[in-house]
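Subject: Structure for you to look at, with notes

Dear colleague,

I am passing on the structure that we talked about, and I would be glad if you could look through it with the notes beside you. Please read them against the model itself.

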Amino acid sequence: MKLNDAKAFIGHQVHVCRYREAGTLLSWMGDDLRGKRVLDVAGGDGYWAGQAAKRGAEAVSIDLARGKMLYGRTLAHAPALIECDALALPFADAGFDAVLSVCAIEHFDDGGKSLDEMSRVLKPGGEILMSADVLSRADEWPKLRDAHKAKYFVKHTYTHESLGELVGARGLDLVDYSYQFRGRAAERLYLSLSTYGGRVGFNAAAPLTPLVALADRRAANDRGSIVLIRARKRF
C-alpha cells in the first residue's frame with residue numbers, strides 16, 4: 001500500500017462515523033458492481049467512489065475542490081475525477097446506474113436543485129444512496145449546533161421524511177433509510193467532536209465506533225445526527 005493510500009484509508013475509514021456511514025451506502029449498492037456506472041456527487045478526493053471502482057464499477061467523482069481531486073488521482077482504484085458544480089452536472093440524462101452522495105446536500109444552497117441533477121443523470125431503476133445532517137436534538141445545545149454549522153458550512157438539515165418528499169417529487173421512491181448517532185448521548189458526542197475535535201477528533205474517536213453502533217441498534221430508528229437514504233427511480 002502506498003503512503004497516500006494508507007493516509008486515505010486512515011482519513012476515511014478510521015473514523016467514528018464515515019466508516020459506518022459510507023459503508024452502509026456502499027452495502028446498499030451491492031458487492032458486485034461490474035458493468036455499473038456510479039457517480040459520487042461532491043466526492044472530494046474520490047475515495048468512496050474508488051471503493052465502488054474496486055467492486056468493478058465505472059466510477060466518477062465530482063467536486064469543486066481541485067486540491068482534493070489532485071490528491072485523489074494518486075490513490076489506487078482512483079475513479080475518474082471531474083471538477084464541476086453539483087448543481088449543473090456535465091452528464092447526459094440517464095447515464096448512471098447509481099448516484100452516491102456522502103453528507104453533501106446539507107452544504108448546498110439549493111438541495112432540491114442538486115437532487116434535480118442527481119435524478120436527471122440516473123437511469124430508471126437506478127438508485128440514489130445518500131446521507132445528510134439531521135442534528136435532531138441540536139437545539140438542546142445551541143453553542144455546539146451553531147459551531148458545527150459554521151465550521152462545516154451546513155446550510156440545511158434533513159430527515160428521511162423531508163428527503164423522501166424531495167426525491168418523491170423527482171420520480172424516486174424511498175426504499176430504505178437509517179439514522180446514525182441516534183441516542184441523546186451519541187448526538188452530543190457527534191456535535192462535541194465536530195466542535196472541539198474536527199476531523200482529527202472524528203478519526204481519534206474511531207475506537208468508539210462499535211459502541212455507537214451498538215447504541216444505535218438499541219435506539220429507535222427515527223432520529224439522530226445523520227440520516228442515510230436509499231431511493232429508486234421509477235420506470
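Predicted model: local features only at pLDDT ≥ 70, side-chain atom pairs only at ≥ 80, totals over all residues.

Residues are numbered from 1 along each chain as its sequence is written, and side-chain values use heavy atoms, with hydrogens and water left out.

The whole chain

The protein chain has nine helices and seven strands, where helices (H or I, at least four residues) and strands (E, at least two) are DSSP runs numbered from the N terminus. Its radius of gyration is 17 Å, close to the 18 Å that the globule rule gives for 235 residues, so the chain is as compact as a globular protein of that length; the radius is taken over C-alpha atoms, and the rule is 2.2 Å times the number of residues to the power 0.38. Along the principal axes, the C-alpha atoms fill a box of roughly 45 × 45 × 30 Å.

Of the 235 residues, 51% are buried, a term that means under 20% relative accessible area, with exposed meaning over 50% and partly exposed in between (1.4 Å probe, protein chains only). Among the contacts (heavy atoms within 4.5 Å) with a separation of 6 or more, 75% come from residues 24 or more positions apart. The accessible surface is about 10,700 Å², and carbon and sulfur atoms hold 54% of that area, as computed by the Shrake-Rupley method with a 1.4 Å probe; for residues, only the protein chains shown count as cover.

There are 33 positive and 29 negative side chains, and the centres of the two sets lie 4 Å apart. Lys and Arg count as positive and Asp and Glu as negative, with His and the chain ends not counted, and the place of a charge is taken as NZ of Lys, CZ of Arg, CG of Asp or CD of Glu.

Helix α3 (residues 47-54) is mostly covered, with six of its eight residues buried, namely Tyr 47, Trp 48, Ala 49, Gly 50, Gln 51 and Ala 52. Their cover includes α1 (3-13), α2 (18-29), β1 (37-41), β2 (58-63) and β4 (96-101). Gly 56, which follows α3, has a positive phi near 105°.

Single residues

Most residues other than glycine have a negative phi. His 77, in the loop between α4 (66-72) and β3 (80-83), has a positive phi of about 60° although it is not a glycine, and with a relative accessible area of 44% His 77 is partly exposed. Phe 153, in the loop between α6 (142-152) and α7 (160-168), has a positive phi near 55° and counts as exposed at 61% relative accessibility.

Gln 180 belongs to strand β6 (residues 172-180) and counts as buried at 3% relative accessibility. Not counting residues up to four places away in sequence, Gln 180 touches several residues, among them Arg 20, Glu 21 and Gly 224.

Leu 135, in the loop between β5 (122-133) and α6, is buried with a relative accessible area of 6%. Its contacts, leaving aside neighbours within four places in sequence, include His 148, Tyr 190, Gly 224 and Ser 225.

Arg 73 lies in the loop between α4 and β3 and counts as exposed at 53% relative accessibility. Beyond its neighbours within four places in sequence, Arg 73 is in contact with Ala 78 and Leu 81.

With best regards
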